[in-house]
Amino acid sequence: EHVVNRIAAGEVVQRPANAVKEMLENSLDAGSKSITVTCKEGGMKLLEIKDDGHGIRKDDMRIVCERFTTSKLQRFEDLTTISTFGFRGEALASITHVARVTITSKTRDSPCAYRARYHDGKVIPLRPGDPAEPRPCAGNQGTTISVEDLFYNMDTRRRAFKSAAEQYALILDVVTRYAIHYGDSGVSFTCKRHGSASADLHTPAQSSSLANIRVAYGAALARELLELKAEQAPELLDKAIFDGAPADAPFSFRARGFVSNANYSTKRAVFILFINHRLVDSTSIRRTLESVYSSVLPKGTHAFIYLALSMPAPHLDVNVHPTKQEVHFLHEEALLERLRKALEDTLGSANR
Ligand code: ADP
Ligand code: MG
């Protein structure tokens with residue numbers, strides 16, 4: 001049974017960057033205003049995510065790493081970010097099947113922090129001889145999750161990761177994307193290598209998406225960006241986004257983003273897509289937007305595209321593999337058409 005769980009977990013967490021994404025989302029769900037990711041050896045030796053969110057209650061610490069416990073947890077009342085993406089309640093559990101996990105957490109009401117170590121979904125003693133339960137310790141409000149020796153029990157997987165630098169680059173990329181999307185949400189993001197004096201990414205809490213694009217990609221690109229906007233019946237959205245909305249809700253969406261102009265090209269394509277505040281991928285949106293650029297940019301050059309979409313959850317097909325995050329849409333043709341038109345108008349009016 002352990003082997004089956006481990007294989008399943010290895011599907012959910014295919015590389016360090018997947019684990020970072022899941023843990024970042026948990027930190028954001030917890031209302032954090034400051035999130036720091038620290039990596040050793042590309043996250044293979046150590047991945048640490050420290051946040052200042054609402055923390056995990058002691059009783060919940062016992063079960064947070066069991067599969068599908070989410071519904072059993074004492075949810076915080078103000079937790080409005082109920083996920084609209086399938087496949088939930090598996091991330092932490094999965095990670096404990098393929099790494100050594102330690103969680104330290106303190107809620108506002110608790111006089112102290114608690115720390116627990118996890119293996120195969122269960123709490124194990126912090127030290128040999130200790131009881132297998134969360135132990136009181138010092139700590140500030142928030143949660144720190146340490147993931148050590150990722151894939152220590154999956155030799156083939158571990159050996160397949162040749163370059164720590166490559167894994168770290170993927171992690172930094174995920175943190176950067178979240179920093180851009182949450183640019184004006186008052187959240188500060190930091191990503192660094194353990195032992196390094198300076199961070200590879202640091203964005204201040206009081207910032208903006210554009211300012212964080214500048215931090216991550218440089219002023220030269222940031223100067224060339226245009227704001228992209230499109231929407232359809234947006235008044236229907238705010239009620240409908242989080243579960244609740246009927247599947248026959250009319251087509252509605254809101255799109256906001258920044259895209260490079262038609263006179264500027266990047267060496268490699270950058271496509272950053274968030275839907276209902278989750279980082280996802282959509283081959284159809286990517287192809288649609290990139291094809292607009294391919295008619296205006298020199299061959300072999302690329303564009304920068306950051307797009308944030310909101311739409312009713314029932315209009316999204318999320319019945320997909322957890323690591324691919326590829327999304328399909330109920331009103332796909334209409335949506336693609338509107339986005340293509342919006343990009344053409346944006347590029348066109350900037351050229352006039
Ligand atoms: P899900 O996010 O789908 O519920 P996860 O396995 O990612 O499943 O997390 C399980 C639970 O652990 C979360 O629902 C949340 O209650 C708790 N949790 C995880 N990380 C944090 C964090 N950084 N701060 C507060 N609670 C957290
Ligand atoms: Mg989660």
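How do the axes of H6 and helix H7 (residues 209–217) cross, and within what distance do they come? In this predicted model, the two axes cross at roughly 150° and come within 7 Å. H6 and H7 are therefore roughly antiparallel to each other, since an angle over 145 degrees is counted in that class. On the side of H6, the contact is formed by Thr176, Ala179, Ile180 and His181; on the side of H7, Ser209, Asn212, Ile213 and Ala216 take part. Sorted by class, the residues of this contact comprise 4 nonpolar and 4 polar members, with no charged residues.

Helix H6, which spans residues 164–181, also packs against helix H2, residues 16–29. Here the angle is about 25° and the axes lie 8 Å apart. That angle makes H2 roughly parallel to H6, the limit for this class being under 35 degrees. The contact of H2 with H6 divides into 9 nonpolar residues, 1 polar residue and 1 charged residue. The crossing of these two helices is right-handed.

A further helix pair is formed by H1 (residues 2–12) and H4 (residues 91–98), whose axes cross at roughly 120° and come within 8 Å. This makes H1 oblique to H4. The crossing of H1 and H4 is left-handed. Asn5, Arg6, Ala9, Gly10 and Val12 of H1 meet Ala91, Ser94, His97 and Val98 of H4. The residues of this contact divide into 4 nonpolar, 4 polar and 1 charged.

Attention now turns to the strands. Strands of a sheet pair through backbone hydrogen bonds, in either a parallel or an antiparallel manner. An open sheet of 5 strands is found in the order S10-S11-S14-S12-S13, and its pairing is mixed. Strand S10 (225–232) and strand S13 (278–280) stand at the edges with a single partner strand each, so one side of each is left without a neighbour in the sheet. On average, and with direction ignored, neighbouring strands of this sheet are turned by 20° against each other.

Within this sheet, strand S12 (residues 270–275) is mostly covered, 5 of its 6 residues being buried. S12 is joined to strand S14 (residues 304–310) by 6 bridges, and these two strands run parallel. With S13, by contrast, S12 runs antiparallel, and 3 bridges join the two strands. Leucine 273 has valine 280 in S13 as its bridge partner, and phenylalanine 274 stands opposite leucine 279 in S13. The two strands form a hairpin with 2 residues between them. In the turn of this hairpin, asparagine 276 has a positive phi of about 45°.

Arginine 256 belongs to another strand of the sheet, S11, which covers residues 253–260. Is arginine 256 buried or partly exposed? Arginine 256 has 16 C-beta neighbours inside 10 Å and therefore counts as partly exposed, given that a buried residue would need 20 or more. When residues up to four places away in sequence are not counted, arginine 256 touches Lys229 and Ala308. Serine 27 lies 229 residues from arginine 256 in sequence, and the two are 24 Å apart in space, C-alpha to C-alpha.

Positive phi values are also found in two loop residues. Glutamate 41, a residue other than glycine, has a phi near 55°. Glutamate 41 is placed in the loop between strand S1 (34–40) and strand S2 (46–51). With 18 other C-beta atoms within 10 Å, glutamate 41 is partly exposed. For aspartate 120, likewise a residue other than glycine, phi is positive and near 45°. Aspartate 120 is found in the loop between strand S4 (113–119) and strand S5 (122–124). Aspartate 120 counts as partly exposed because it has 17 C-beta neighbours inside 10 Å.

Key:
Residues numbered from 1 in each chain as written. Chains lettered and ligands numbered in written order. Predicted model: local features only at pLDDT ≥ 70, side-chain atom pairs only at ≥ 80, totals over all residues. Pairing = 2+ DSSP bridges. Helix = DSSP H or I, 4+ residues; strand = E, 2+ residues; numbered from the N terminus. Axes fitted to C-alpha atoms, helices over the stretch in contact; angles between N-to-C directions. Parallel < 35°, antiparallel > 145°, perpendicular 65-115°, else oblique. Left-handed = near helix turned anticlockwise from the far one by under 90°. Nonpolar A, V, L, I, M, F, W, Y, C, P; charged D, E, K, R; others polar. Contact = placed C-beta atoms within 7 Å. Buried ≥ 20, exposed ≤ 12 C-beta atoms within 10 Å, placed from the backbone.
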